[in-house]
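Subject: Structure handover

Hello,

Here is the structure I promised to pass on. Please open it first, then read my notes below.

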Amino acid sequence: MATGWVWHERFGWHDTGTAGGFLRGEFIQPLQHVESPESKARFASLVEVSGIAKALKRIEIMQATEEDILRVHTSEHLEKMKALSTDIRGGDMGDGVSPFGFAGVDLARLAAGGTMSVLRAVVEKEVDNAYALVRPPGHHARPETGMGFCMFANVAIAIAYGRAKLGLGRVAVVDWDVHHGNGTEACFEEDPDVLTISLHQDGNFPPHTGKVADRGTGAGKGAAINIPLPAGSGEGAYLHAFERVVLPAIERFKPDVIMVASGFDSSNADPLGRMMLVSNSYAKMTRRLMDLADSLCGGRLVISHEGGYSPFYVPFCGLAVVETLSGVKTGVQDPYQEYWKDLPGQTLQENQKALVAQVAEACGL
Ligand code: ZN
C-alpha cells in the first residue's frame, strides 16, 4: 500500500487579503495577511520537486456537503458563511481576524472534504496512512463560529463523517499546532468516544483556553487533554510529553484511528509561536504515532494540516512528516538543520518537565 496525499490548487486561492500580521491598524502598512498561501503552497511545491509525489497516492477530494458540515456546526454558522461568500468583498469567519474572499465557503468545504477524503481512504484500506494539506485550517472553528483563520472544523467534520458513514468508533486526535486546538475540543467536549490531546504554547491563542484542568464536560469528562507547554519548549519537551502523556493516553483509550492536527507553527521559525521544533522533531513525533497506530489500530494514521506561517521552513517540516509516513527518503536536506542542531534549550527543561508531570497526574497516567 501507500501513503495518501491531498492538495488542491484551489487551497491557494482562499483569499485572506491584507493585514499587519493578522490585525489591521492605521499605523501599520498593510502586507499579506499572515495566513496566506505562501507556506502551504511551498510545502506542496516541495512535495513535487523532491520527487516524493510520485510515491504517494493522490486521493480524490470530495467536497463536504451541507449535511457533513451540519454534523458539527450550527446551521446559523453555515448560513452566515454562505451568505457572506456571495459578497464580492467576502467576509469574516467570526472573530474579526479571519477574513475570506468571494466564494470562500466553497474552499472551506473543500478543505473539510480533503480531510474527510483521506480518512475514508485510510479506513477503507486504500492507503496505509495519509496527509491532507488543506487550507483554510480547521482546529479553532467551534460549532457555532469560525475563529483563528478557521471557518469549519476540518478534523471534527471528518470524524463525524467517519462515524456516520464509515462505521468508525473511537478516534484520538493529537494536535501539535502551537495554538490550542480549542475548536476540535469544543466539537467533542461532551463526547467520550473522541479523545482530543492538544500540545500548545501556554497562553498563545486563544489566550485563556487549553489549561491543564480543561478535561471535557459531562459524558466527555476526561476525553480532552491539554498540555500547555511553556514558551521556548523544544524537541526534548515535546518528546517527553509524548512519552509521558500522549502515547500512554492513546494506548489507554484504544482508538480505531489516530488523527493529527498538524500545525508547523510550533517550529523554531514561526512568527506566531515561540517554540523550537525542527523538521526532524516532527518526523520523530510522526514515527512514534505510526508505531502506536501499528500496535493499536492497524496503522491507521490520518494527518490534516493546520497552521504554520514560515514560508521558508514549513515545507521542510512537512516533507519530513511525509517522508516518515511513506518510508521514502528523498535525500532533500533541511538546510536549516546545520544552524539549529545545537540550539540551547532543545533538551527537556525542569519547568517543562514539571508541567508535563502536572498533566500526567491530572490524567491519572
Ligand atoms: Zn496554529
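Thr3 sits in strand β1 (residues 3-6). Helices (H or I, at least four residues) and strands (E, at least two) are DSSP runs, numbered from the N terminus. Before going further, note that this is a predicted model: local features need pLDDT of at least 70, side-chain atom pairs count only at pLDDT 80 or more, and totals for chains, interfaces and linings use all residues. Residues are numbered from 1 along each chain as its sequence is written, and side-chain values use heavy atoms, with hydrogens and water left out.

Thr3 counts as buried because its relative accessibility is 3%. Buried means under 20% relative accessible area, exposed over 50%, and partly exposed in between (1.4 Å probe, protein chains only).

What does the side chain of Thr3 reach? A polar contact of 2.6 Å links it to the side chain of Asn129. The Thr3 side chain also reaches the backbone oxygen of Leu325, at 3.2 Å. A polar contact is a pair of N or O atoms within 3.5 Å; within protein, one must be able to donate a hydrogen and the other to accept it, and residues adjacent in sequence count only if both atoms are side-chain atoms. Neighbours within four places in sequence aside, Thr3 is in contact (heavy atoms within 4.5 Å) with Leu56, Lys57, Val127, Asn129, Ala130, Leu325 and Ser326.

β1 is covered on both faces. Thr3 and Trp5 lie on one side, Gly4 and Val6 on the other, and all are buried.

**The sheet**

Eight strands form an open sheet with parallel pairing. Their order is β4-β1-β7-β12-β11-β8-β9-β10. Two strands pair if DSSP finds at least two bridges between them. The edge strands, β4 (57-58) and β10 (224-229), each pair on one side only.

- β1 and β4 run parallel and are joined by two bridges. Gly4 has Lys57 as its bridge partner in β4, and Trp5 has Arg58.
- β1 also pairs in the parallel sense with strand β7 (residues 129-132), over four bridges. There, Val6 is partnered by Ala132.
- Ser198 has Asn226 as its bridge partner in β10.

Is β10 covered or open? It is mostly covered: six of its six residues are buried. Ala224, Asn226 and Pro228 point one way, and Ile225, Ile227 and Leu229 the other. In a regular strand the side chains alternate between the two faces of the sheet.

**Two loops**

Thr16 lies in the loop between β1 and β2 (18-19). Its relative accessible area is 6%, so Thr16 is buried. A polar atom of its side chain lies 2.7 Å from the backbone oxygen of Glu35. Not counting residues up to four places away in sequence, Thr16 touches His33, Glu35, Ser36, Pro99 and Arg135.

Ala231 is in the loop between β10 and α7 (235-253). Its C-alpha atom is 8.1 Å from that of Gly273, 42 residues apart along the chain. With residues up to four places away in sequence left out, Ala231 touches Gln201, Arg274 and Met275.

His179 is in the loop between β8 (171-175) and α6 (182-187), and Asp265 in the loop between β11 (257-262) and α8 (279-297). These two are 86 residues apart, so the pair links distant parts of the chain. Both His179 and Asp265 are buried.

Best wishes
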